[in-house]
Every structure is written in structure tokens, then in C-alpha cells.
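Me: I am new to this structure and would like to go through it slowly, asking at each step what a label rests on. Please set each value against its definition before concluding.

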Amino acid sequence: MLAWLPFRPTIRMRLTLLYGGMFLMAGVVLLLLMYFFFNQALDYVAPPPLSGLTVVDRNGLATSSSQLNDLLASRHQAAANVALNTLLRKSLTMLVCLAVIAFVAGYAMAGRVLRPLGRITRTARDVASSDLHRRIELDGPDDELKELADTFDEMLDRLDRSFDSQRRFVANASHELRTPLAINRTLLEVQLSDPAASQDLQQLGKTLLATNERSEQLVEGLLLLARSENELTDRRPVELSEVATRALEQTRGEADKREVELRSKLDPAVVAGNGVLLERLALNLLQNAVRYNTAGGWIELATTAVPGGGELVVSNTGPVVPGYELEHIFEPFRRIKGADRTRSDKGVGLGLSIVRSVVRAHGGTIEATPRAGGGLTMRVRIPAP
């Protein structure tokens, strides 16, 4: 109903229109009643009719009482019309002035009434962006707004306890899952280092070591995925080009082994977030581009500053990716059709899922676009501090 307004129809504006409109309608009704009663009052002050009276003017013309009554009535009606018009004009002027005052007072009153709601909104925005420990703690009368603020505080308390419990669970699970895998790896490495071990035992040990390494990668990926699913509460300025440089150096050995050329164009770009998670984001994108590339292919990594933040772009050659596969590549344990699922060097299927979780935790966006000659272009945008 308020779509025609030239401004945003906020609750304050709607309350202002409601207050002013009600005053205006009450003023119009009061004006009509006053006009009606004033018109009736003029009938009581009309001159009484004359009877049996004849008036002769200086010219000798006689005027009967009926003619005098008509003359007095016409003059009274003319005076009454002038009085009513004057009353109506001045009343309308006063009504317009008072309506303006009513709208201004209504705007101020609505702002005062909605001030606690603005405090609730600001606190909710702060909680959503960074600080889950913030509370509204609204003082004042025990009305509906205070009830809303107290309910919101209770919800934040439950969420805070839930996130703390999840963080403790992830930390405990990290220790409990990594320890046996690390022990297995140590035992296998000790056994493989024994020169007296048979060839079959050596082959079995290598197979078990590869399986154990894959399990470690899976556990690390799941734990990182669990940690990065939550919104970041501690954001700091991070130079995106430095993060990309560290990820590039960690990928260079694997790229050389697979005969994939690495290219980079790293311009300064400062974003807000966690440097470790952003480095893992860039590393996962590069590793995915290396492992799903072709011999003699290339990977290009670029960072640049964009309005409102920074952008990291990873382009690579590789097999042609159908457009209908793009909506699934960020899901856990999903690979494009045709990829060999038996090879451990392709990873465990969590790389891009972790990338998406890290992007969401930073409040950014990620876009995957297939290249015409094969491969993908991954474009990540992270907000500025």
C-alpha cells in the first residue's frame, strides 16, 4: 500500500503517517461539526419577524412588515454566509498548521517509541557481523519491546553456549581422531624402515601408509570444515596477496611434479578475516586446479582490490566442465563426472566444500565459471575491513 511513497516506508514513517492522519481526520470531523453547530447558532440570533408595522421613507413610499421581514432575513443570511466562510477559511488554515505540527510531533514521538527497537537492531547487526557475546540489556518499562529484547538476549545466550560447545567438541575430536592416526603412521614408517622386512611386507606397509594418509586428510578436512562453517567473530586486516603468495609456494612442488605451469599477478588487496583460513582457501583452490589439470597445462592466480573488498581469482586449464555440474562441485565428497574416484592423489572431496565454508564465514561470495577450452575460473570476493 505504501509502495508509491518516494522514501523507504519504515515503521517510524508509517507511525508518523498514522499519527498525523488520525489527527487530520479528527480535525476534519471537528471542523464539520463546528460548522454545523455554528450555522445552527446563527438561526437563533436571526431578527424576530415584524407584524402590523408600516414604514414610510422620505420619498413617501410605504414598506409593509412582510417586506421588512424579507429584507432583514436577506441581510441576516448574507452576514451569516460571510461569518461561515470566514470561520471555514480560518479553521482550515489552523487545521493545516496543526496538521504539520502533528506530523512533526508524531515523527519525534515515533522515534522515541522505536528507540529501543533501533538498539535491538544495532546489537543484532553487531552480533551477526563479529561479536556473539554482545547483549542488548534493555532498561525501561516492562513492555513489549523489553520483552523482545530479553527474549533476544536469551536466544543469544543459548547460541553462545551452543557454539562454545561445538568448538570444544571440535577440539576434542581433533585430538582423539589425530592421535591414533599419528600412532599408526609412526608404526608403519618404523616397519618400512626395517631393512629385514620382506618385499610383500614393504608393499603392504606402503599401501596401509597411503590409506592412513588419506584418512588423515579426511579428518583434517572434516575438522576444518566444521570450524569454518561458523561466522567469524574475530576479523583482522589481511593482505590477500601475501596469503596467495604463501599458498602458491606450497603448491609449487606438486605443480612441477604434474608439469603444470604456475602464473601469478598479485596486486595488493586488504580484506577483513582470518589469515589462516584465507590461506587454506587459496591453497585448496590451487590444489584443486593442479590435481584436475592436464600435463602441460597452466594455472593463473590473481589478486586485486575491488570496491568494498578484495578479489582472488584462480583460472586453470583442464577437462571441460559441464555447466550443470557447477552447482554440485562445492558439495562434500562430490567430483565432476568422469573423475577417477579410486585415485588418492585427487584428494578426499572436501577441498571446494571447505572453500565455500570459509567464504561464507567471511561474508564473501564465490563464483565458478567454466572456461571455453576446458578448466574453471574461480572468483572469490572478501569484504574489506
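Me: Which residues are buried in helix 8?

Reply: In helix 8, the buried residues are Leu352, Ser353, Ile354, Val355, Ser357, Val358, Val359 and Ala361; buried means under 20% relative accessible area, exposed over 50%, and partly exposed in between, with a 1.4 Å probe and protein chains only. Helices (H or I, at least four residues) and strands (E, at least two) are DSSP runs, numbered from the N terminus. This is a predicted model, in which local features need pLDDT of at least 70 and side-chain atom pairs count only at pLDDT 80 or more, while totals for chains, interfaces and linings use all residues. Residues are numbered from 1 along each chain as its sequence is written, and side-chain values use heavy atoms, with hydrogens and water left out.

Me: Why is the contact between arginine 246 and glutamate 279 called a salt bridge?

Reply: A salt bridge is a side-chain nitrogen of Lys or Arg within 4 Å of a carboxyl oxygen of Asp or Glu, and the closest N and O atoms of arginine 246 and glutamate 279 are 3.2 Å apart. Arginine 246 lies in helix 6 (residues 240-257) and glutamate 279 in helix 7 (residues 275-291), so the pair ties together parts that are 33 residues apart in sequence. With 37% relative accessibility, arginine 246 counts as partly exposed. A search of the whole structure finds 7 salt bridges.

Me: What joins arginine 291 and glutamate 254?

Reply: Their side chains meet in a salt bridge, at 2.9 Å from N to O. Arginine 291 belongs to helix 7 and glutamate 254 to helix 6, so this pair ties together parts that are 37 residues apart in sequence. Arginine 291 has a relative accessible area of 18% and is therefore buried.

Me: How do you know that the bridge between arginine 381 and glutamate 311 links distant parts of the chain?

Reply: The side chains of arginine 381 and glutamate 311 meet in a salt bridge of 2.8 Å, N to O. Arginine 381 is in strand 9 (residues 376-383) and glutamate 311 in strand 7 (residues 309-316), 70 residues apart. Arginine 381, at 41% relative accessibility, counts as partly exposed, whereas glutamate 311, with a relative accessible area of 6%, is buried. Elsewhere, salt bridges that share partners join Glu254, Arg258 and Arg291 into one network.

Me: What caps the N-terminal end of helix 7?

Reply: Asparagine 274 does, with a side-chain oxygen 3.0 Å from the backbone nitrogen of leucine 277.

Me: What sits over the ring of tyrosine 107?

Reply: The charged end of arginine 12 sits over that ring, 3.8 Å from its centre; the definition asks for NZ of Lys or CZ of Arg within 6 Å of the ring centre and within 35 degrees of the ring normal. Arginine 12 and arginine 112 are 100 residues apart in sequence and 9.6 Å apart in space, C-alpha to C-alpha. Arginine 112 is found in helix 2 (residues 65-113), and at 61% relative accessibility this arginine 112 counts as exposed.

Me: What makes the phi of glutamate 259 worth a remark?

Reply: Glutamate 259 has a positive phi of about 60 degrees although it is not a glycine. Most residues other than glycine have a negative phi. Glutamate 259 lies in the loop between helix 6 and strand 4 (261-266), and its 56% relative accessibility makes glutamate 259 exposed.

How values were computed. Polar contact = N/O pair within 3.5 Å; in protein donor to acceptor, adjacent residues only side chain to side chain.
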